[in-house]
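Work through the exercises below with the sequence and the structure open. Try each task before reading its solution.

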Amino acid sequence: MRPERAPGPTEGTATPPYKFLNYFEEEDQASFAGREDEVQEALAGLTRGRTYVVYSRSGLGKTSLLLAGLFPRLRQRGFHPVRVRLLESPVEDFCAALAAEFQRPELALVKEPAERQERVPHLLEELSARWPLVIVLDQFEEFFVRFRDRPAARADLVALLGNIYQEHATNIRLVFSLREDYYAELEDLRAELPELTRYGLRLLPLTAYGARQAIVRPLQHSHLTYEESFVNRLVDLLADWNFDPPVLQIVCTELYRDVVTRRGLPVHLTREDLERLGGVDGILRGYVHRVTSGLAAERMLLVRVVLDALISSERTRYALRAEDLLTGPVRANYTELRAVLDHLTEQGLLRVEQRQGERWYELLHEHLMSIVESWLSTDVDYVHFRTTYNLVATLSEDTQWRSNPRWLLTAPQLAERVAPWKDRLRLDETQAEFLLRSGLHGEADSVADWSARFDEFGEDRSVKLVLELLDHPEPPVRRGAAASCGRLRDPSGQLAGRCLTLALTDKEEVVRRAARKSFVALAGSRQLAMLRDALGGPEQRAFALELLADLLEAGRSPEGIPERWLRHAQALVRARRIEREQPTIRMRMMTGAQVGTLAGLLWVLLIGLPTGAYWLCTTHPEQVSVRWPDVFLSRMLWLLIDNAPFVFFPWSLILGMSVARRAAITAAARGREDWNAVVLRSGTLMFSCVLLHLVLVMTTEVTNIQEEEAELARQLGLLRGSVFLGVLVVTSFVAWLLTVGLVRLGSRCITSGTNSSSMLLIAALCSLVFPYTLDMFLSMGGWWMGIQPGALQSLWASSLELAAVTANYQAFIILTVLATERSRRPQAPRSTTLRARVTVLLGTLAFTIVFFTVHEAGTFLGMGRKYQLVRETPIAGRVWQNQRDVEYFSLEVASNGPFAISIHEGDSARSRLILSGKELTNGTLLLSGWSHLTGAIASRPALDKPTGPPRPPLRMDYHYLLRREPILQGGQASCTRTGGH
């Protein structure tokens, strides 16, 4: 039966008149053109000898020449030509083709070789008596390729051909058609066919005239029109391709289809149509793209494998059945393969032949081999697939890998080379075992897939293999098998039980660790009961606790385990997590140190300096003098130099690093960020409270706490060291308590979505407003709690100030450092965050109100009242009964000359009046050479020990009447009162 023709896009005149890559058949003789001279030469050769050879390079049209050119003319001359293909069995194929052609089944029924060698030539001689026979053995190179390893089959055919030749039947002629690179192989037949190569035709490429005829004749036969310029241009372009017939057929067919698609019928071919597609080169590129389209992406690998299988290693065409292709390197079912074969046939790439009830597929033309090979060689995925298949096939052949794991593939090789094709590779039993062993030894993620592939050759084959490897003497083999058990199916529980035994008894730690991991994934109730029994025995308890810790870490809590063993296991879990997170902990420590240092710098500039200025203003009224700005700035500069580089900056680095480390350890142990636990359990924080108290007391002059401690010890009759220790403990505890509360509040305000600016603002407000507001309330509360004016009250106020500063500094550093990792925190309820932020805003409002209520406009330098002094000036107001608070004012005289001032009336017993740094009382006189004076009034604390808890007002009133005194001239005394200055 002749092969089917490649279908066109539509029926009727829409069908391309060209044969594409299919060969011309006898019924196509009217369209076959361009080989008239070669046909005449072949006819003449056949009349001269009984054997004839037609040979050429691949793709020049040998089959078309024979069928469409030679066969019709032979029939006209009374010959009966028959075409034979040798694909499966040379002699049987030869006889079957003749039996089908001549309707003589006895030709195919002879099975005995000896009988066949005798009867077939006689039967052919009988047939040739009626009409001369021309037996054409087409594509005879297949005889040398397919049966190279079957010398007996080859010898049978050669002997049969020799017997036919030796019958002296002049009416039988043998024609051999083959590729010229197999021409030399014909020497194997010369012993039986001595004149085999005497007559022959070497088919050459088309000439320009032949190419023109091959283009025009099909159009004329189909009554189609064309431009002459189109034909001329196409012939010129085909010259670059040496007028290759397959290229001509592809270009003409694709061009015709494009014109039909764009313009419909009737078809008229123009040069513009040719140029529009990019000439010959553009049409060939489009052809390859069209052929490879139309299939799902997952079937493209099968397309490549099919096309590759139809090309032999010697670059000849193979004809294969679908059953043959199913045994190829790619795994596919028959339905999927048949869909691919049908698609390729419809696209004109494959030809189908029915032979003895079976469908045989082959490439439509030999010239397609170069196009297909070029396409496959540039397909990176397919090259990787072929390389992978060959690698697995080659390595699995030598079974040394069963005893030596070094012959196995590594986990990276499996992941990179083999795993992408795990579902498409066709594996035999040995190859599947090789890949499974490789996955087990390398602990590959794809081991479950290879286990499933190996189980295709027998139920639970992979489980039996793993149990065998778990008893292997080499620790790496046992470790790989144990680590992979958790990824395998274990319906019988054998793997879980064996992993438990290894986890409790194996001498190698790596093996025990791998077995524990798999046991956690596989363990059932029976294996957990065995674990409880192991905890009861002292010899296996340590390993059993490790296994229990693995279970807890995986979120499994076995029932019936004693509480004490659970606590031990939980401690192991925390230790493991911390150990695993050491790189993260070190990184967070470094980040915490950097952020802490920067936060310390910000605190000094934005909070520390204003706080120091506040202390200097409210604690040292003696600074009020004519030169007070210089004194104030010098003290501020000394305060900054004495504390910032030696106290706050280094300690902010240490505190930031310590807090970050504690936060990282807590997060590792608990699996989440917990800022409250960081400050509650931080020994560094308590030590920081103590250290900062000592440093501030010893290095600053903003408080007289040491003198106050000595005075209180004297009043109470205690040792100074005991008072110092008590103050240290109270101050440190209050600072720690404040810090903890501030961090808890700030942690609720800061969320993972808070930006850096808002985070710094929240940290500053939380750490600032609440300590100082509390300090002001508690300072006033000294009276409310019954603390008498004097050393105790001053000590109480100073201690609160130190605690407020310490808490403010620590909370700001801690919140800033912790907030750098705010993205790690779990999202808090929105209502919680909203309440915390409202609390901060209300605290800020309360701080503002209290601050400006307690400190009136004259409290600070530069904000004092101004009085014009002429003869008498009254000064009245209220100050706290506490030496910290001061009222400032300034005096000016109309003239620029010197003047004298005296107190005409005043309450010097309860308050202090200071002018130009000198204290004035009733009866004293101050001489000044300046027209502007700065003054201050502060409370005068009682030095006597109180006898009871009086209830003084929050502020005490004061009043003074200053009078300008005359200055005597002419050597007179410049003082008018005793005690004047």
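**Exercise 1.** Find which strands helix H5 lies across, and state how H5 runs relative to E3.

*Solution.* Step 1: locate helix H5 at residues 113-128; helices (H or I, at least four residues) and strands (E, at least two) are DSSP runs, numbered from the N terminus. Step 2: H5 lies across E3 and E4, at about 130 degrees to E3. Axes are lines fitted to C-alpha atoms, for helices over the stretch in contact (heavy atoms within 4.5 Å), and angles run from 0 to 180 degrees between N-to-C directions. Step 3: helix H3 (residues 90-102) lies across E2 and E3, running at about 140 degrees to E2.

This is a predicted model: local features need pLDDT of at least 70, side-chain atom pairs count only at pLDDT 80 or more, and totals for chains, interfaces and linings use all residues. Residues are numbered from 1 along each chain as its sequence is written, and side-chain values use heavy atoms, leaving out hydrogens and water.

**Exercise 2.** Give the strand order of the open sheet and name its edge strands.

*Solution.* Step 1: the order of the five strands is E2-E3-E4-E1-E5, with parallel pairing; two strands pair if DSSP finds at least two bridges between them. Step 2: strand E2 (80-84) and strand E5 (200-202) are the edges, as each pairs on one side only. Step 3: from one strand to the next, the twist averages 15 degrees.

**Exercise 3.** Find how many bridges join E3 and E4, and the partner of Leu-133 in E4.

*Solution.* Step 1: strand E3 (residues 133-137) and strand E4 (residues 172-179) pair over five bridges. Step 2: Leu-133 has Ile-172 as its bridge partner in E4.
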